[in-house]
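This report describes selected features of a single model. The sequence and structure follow.

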Amino acid sequence: MSVEPRPDFDALRREMWARRKQARAAVRRYNRGSWIRFALLFIPVPLVVVTFRLYLEAWHYYVLGGAFIFCAGLLYALDDRAADRREAALKAARIARAAYQEARSAPLA
């Protein structure tokens, strides 16, 4: 007959709340950064095109189009990394919550 040690509910609860707090901070940081990346993509190059359209020659549009595509790719990669960090924090919060709920609902021996 083996007796399993009783889980430490307080430690699990603290871990769950800490992970939840970290996940909320990660989501907030991602959302804030998302708007900044969006603005960095859609403001500089189109603003230059609209502002200087009377002074641009044909080859300038190719250069600006290339710059736009390069910036879009770079900002997409940055957004992908930020989304991965956000998802990792959310996953850790879900795992901590599941562990706490499982320990709480387990029958006491």
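Leaving aside its neighbours within four places in sequence, which residues is Leu64 in contact with?

## Surroundings of Leu64

Beyond the neighbours within four places in sequence, Leu64 is in contact with Val45, Val48, Val49 and Leu56, contact meaning heavy atoms within 4.5 Å. The C-alpha atoms of Leu64 and Val49 are 7.8 Å apart in space, and the two residues are 15 apart in sequence. Leu64 itself belongs to helix 3 (residues 58-105). Helices here are DSSP runs of H or I with at least four residues, numbered from the N terminus.

Leu64 counts as buried because its relative accessibility is 17%. Buried means under 20% relative accessible area, exposed over 50% and partly exposed in between, with a 1.4 Å probe and protein chains only.

## Basis of the model

The model is predicted: local features need pLDDT of at least 70 and side-chain atom pairs count only at pLDDT 80 or more, while totals for chains, interfaces and linings use all residues. Residues are numbered from 1 along each chain as its sequence is written, and side-chain values use heavy atoms, with hydrogens and water left out.

## Helix 1

Helix 1 (residues 9-42) comprises 34 residues and reaches 49 Å from its first C-alpha to its last, close to the 50 Å expected at 1.5 Å a residue. The expected span is 1.5 Å times one less than the number of residues.

The buried residues of helix 1 are Phe9, Met16, Ala23, Ala26, Tyr30, Gly33, Arg37 and Leu41. What covers these buried residues includes helix 2 (44-51) and helix 3.

## Salt bridges

Side chains of opposite charge can pair when their charged atoms come close. The structure holds four salt bridges, each defined as a side-chain nitrogen of Lys or Arg within 4 Å of a carboxyl oxygen of Asp or Glu. One of them joins Arg37 and Asp79, whose closest N and O atoms are 3.1 Å apart. Arg37 lies in helix 1 and Asp79 in helix 3, so this pair ties together parts that are 42 residues apart in sequence. Arg37 is buried at 16% relative accessibility, whereas Asp79 is partly exposed at 22%.

Asp10 forms a salt bridge with Arg13, with the closest N and O atoms 3.1 Å apart. Because Asp10 and Arg13 are three residues apart in helix 1, about one helical turn separates them. Asp10 is partly exposed at 41% relative accessibility, and Arg13 is partly exposed at 34%. Another salt bridge pairs Arg86 with Glu87, where the closest N and O atoms are 2.9 Å apart; Glu87 is partly exposed at 36% relative accessibility.

Conventions
Helices (H or I, at least four residues) and strands (E, at least two) are DSSP runs, numbered from the N terminus.
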